[in-house]
Amino acid sequence: MADAFVILTVISVFLLPVLGFALLILIPAAVGVSLGIRKLYLKVLLRVFEFATNRIQQHDSRQDLNGNRGEQLPDNNAAALKDKNSVALIQEEERTTLKKVRSFGTLRREFELSDCYHFCRQGIEAIADDSVTKCFSAAELPSWNLLTRTNTHYEFVSMRLTILWVIGFLFRYCCLLPMRLLLATVSIGIFMVATATLSILPNNSHKRHVSKYVSLMCYRILARAFSAVVTYHNKENRAKGGICVANHTSPIDVIILACDACYAMVGQVHGGFTGMIQRAMSRSEAHIWFQRSESKDRQAVSNRLKEHVSDPDKLPILIFPEGTCINNTSVMMFKKGSFEVGGTIYPVAIKYDARFGDAFWNSSKYNMIQYLLHMMTSWAIVCDVWYLPPMHRKEGEYAVEFANRVKHEIAQKGGLVDLLWDGQLKRMTVKEDFKKEQQKEYSKLLKVE
Amino acid sequence: MGSRASLLLRQEEIEEIQRETGFSHNQITRLYSRFTSLDKSQNGALSREDLLRIPELAINPLGERVVQLFFLEGEDEQVNFRQYMRTLARFRPLDPSQKNDKEGVNSREKKLEFAFRMYDLDQDNRISRDEVLQVLRMMVGVNISEEQLGSIADRTILEADTDGDQRISFEEFCKAMERSEVEQKMSVRFLD
């Protein structure tokens, strides 16, 4: 009798967390409802950050007093902090000075030695601060979020802050991380089993229905592994067939979007773990995997996209036309490929709230595993997703123009800077053509006999 | 990021740079973080390639000249943070109060000197016709014929050269630029 009681106690002690885990996280995640725990968690976090920011401010102003340059003591603390950390390093003068002069008419003038001023200043401005290289490294935060990866040395500013940071650290690594790893494992496990089962079923609308639900459920559980809090706007514009294009910040973008709708993925064939996931995905839905190295395949890929889009039974294709991860402050050049396919384009703008953890994947600095570890030990991934009204290529419009038009819409909606630069500059140097363009622009100014 | 950078930059160094260049504490730490983000090899100094990797600089027709002038400060093809800051300091806007200060790092004189060196390719403190021609070619590319550029260079030398040696000295250069708005046009507004 006593033995039975002990066994029962042991079981219940083990069962309780499991049950709680299932009831509080897994099941709500699976059916896609929120209990409001994460919202509350975010609110608490914001309070804590506010406290930390105040501490840092006090410390800074004390240092200013001690230092010999005490002249910039702020009247209004909040405003001063904002000023101090504003992201731009320089105030850019009118970038298009040359152009402006030209548009005044055909006011050609003689060459002057002072013409080099313009190029000097632009050169120095680019060296002190430029919009492009900045896009490939993490954006700076206006306040500290108690993560040393965004700011070190703040944790030692004051005793209270140090304690706060240590508590946060322990919470993130000892409480959040194991739970999130478990969630990710559970989600991938369910996905593997479910897709394996689905692959036996005959290909009909019933199967598609089930696989859609499985996919939503797994992605929602997986999103909990980053404590993702996503707000979807204008759901009526969700992609129905066609191609969905979005700005690209991190691999997590896919998970964020797939929590709300199902998409057909396009990508390179991978090996190892990613390859295993890809094969599992293909078992239940039609995805498009290809080898990037085969240039011949590119034409084939385009054909396969066309084929896919023309089949109304298939899912909308999800493409990130930037082709590389950008730090979510701007949108860079869209590759024209996906805009040549035809069919409806459904633009999506994704904007992350970096205060709780920066979702940007700086692939030149961190590998995939390091990145995922960062994500799982961040406070949360908070973002907004806007579904924009579908767009069509106009009569006689070039694919490049159409791509730019879509990009502009996405940038506007997401509050991102619309850049003309190619994201591939992360790895390559700029084309000589752009310089020639500048030279041409300048030479148009000069009067020649 | 910014504050990680400032951890590596010692307080004394910041103060020294502050005295030397006139940048504020905050500007220095932020420019240091910019400096480290450009420094891909992470050896505490920038190479030509590091700078020319900036797309906006790479497309600048005189971008390579600007980079070249950064390296006049340093030796052996490397620019450290001090040298980097010294060059940037020339482009700090001039206070109205220091208008007649010739010694300041960002004085009219210093700004003019930078512009002069843009043309003085062989660093002999004289701008020859050939140097004007070469810089002109950098600025216009293939869009203006060699012959026309030649006549522009001739005219430029003729106008600026007062002692008749067919070359422009720094004094002559300053004179020729007397009416140009150097203070304004050679200034970058660094935010605090």
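Author: Contact means heavy atoms within 4.5 Å of each other. This is a predicted model, in which local features need pLDDT of at least 70 and side-chain atom pairs count only at pLDDT 80 or more, while totals for chains, interfaces and linings use all residues. Residues are numbered from 1 along each chain as its sequence is written, chains are lettered from A and ligands numbered from 1 in the order in which they are written, and side-chain values use heavy atoms, with hydrogens and water left out.

Reader: Thanks! What share of the contacts in chain B with a separation of 6 or more comes from residues 24 or more positions apart?

Author: Let's begin with the build of chain B, which has 12 helices and five strands; helices (H or I, at least four residues) and strands (E, at least two) are DSSP runs, numbered from the N terminus. The C-alpha trace of chain B spans about 55 × 40 × 25 Å along its principal axes. Among contacts in chain B with a separation of 6 or more, the share from residues 24 or more positions apart is 55%.

Reader: And what percentage of the residues in chain B are buried?

Author: The term buried stands for under 20% relative accessible area, with exposed over 50% and partly exposed in between (1.4 Å probe, protein chains only). The surface of chain B comes to about 9100 Å², and 44% of that belongs to carbon and sulfur atoms; such areas come from the Shrake-Rupley method with a 1.4 Å probe, and for residues only the protein chains shown count as cover. Of the 192 residues in chain B, the buried part is 55%.

Reader: How much area is buried between chain B and chain A?

Author: The size of an interface is often given as the accessible area lost when the parts come together. Buried area is summed over both parts and uses a 1.4 Å probe. Here the contact takes 61 residues from chain B and 60 residues from chain A. Carbon and sulfur atoms give 63% of the area buried between the two chains, which is about 5600 Å².

Reader: Which residue of chain A forms a salt bridge with Arg34(B)?

Author: A salt bridge is a side-chain nitrogen of Lys or Arg within 4 Å of a carboxyl oxygen of Asp or Glu. The interface of chain B and chain A holds three salt bridges, along with 11 residue pairs in polar contact, both residues at pLDDT 80 or more. A polar contact is a pair of N or O atoms within 3.5 Å; within protein, one must be able to donate a hydrogen and the other to accept it, and residues adjacent in sequence count only if both atoms are side-chain atoms. With closest N and O atoms 2.7 Å apart, the partner of Arg34(B) is Asp130(A).

Reader: How far apart in sequence are the parts that Asp313(A) and Arg208(A) tie together?

Author: The closest N and O atoms of this salt bridge are 3.6 Å apart. Asp313(A) is partly exposed at 46% relative accessibility, and Arg208(A) is partly exposed at 25%. Asp313(A) sits in the loop between α11 (295-310) and β6 (317-319) of chain A and Arg208(A) in helix α8 (residues 205-224), so the parts tied together are separated in sequence by 105 residues.

Reader: Is Glu397(A) buried or exposed?

Author: Glu397(A) pairs with Arg405(A) in a salt bridge of 2.9 Å, N to O. Arg405(A), at 24% relative accessible area, is partly exposed. With a relative accessible area of 12%, Glu397(A) is buried.

Reader: Which helix gives the largest share of the nonpolar patch?

Author: Patches are made of residues with over 30% relative accessible area and no salt bridge, like charges being joined within 9 Å and nonpolar side chains (Val, Leu, Ile, Met, Phe, Trp, Tyr) within 5 Å. This nonpolar patch has about 860 Å² of accessible area, and its members include Leu19(A), Ile27(A) and Tyr213(A). Tyr213(A) lies in helix α8 of chain A and is partly exposed at 43% relative accessible area. The largest share, five residues, comes from chain A's helix α1 (residues 2-31).
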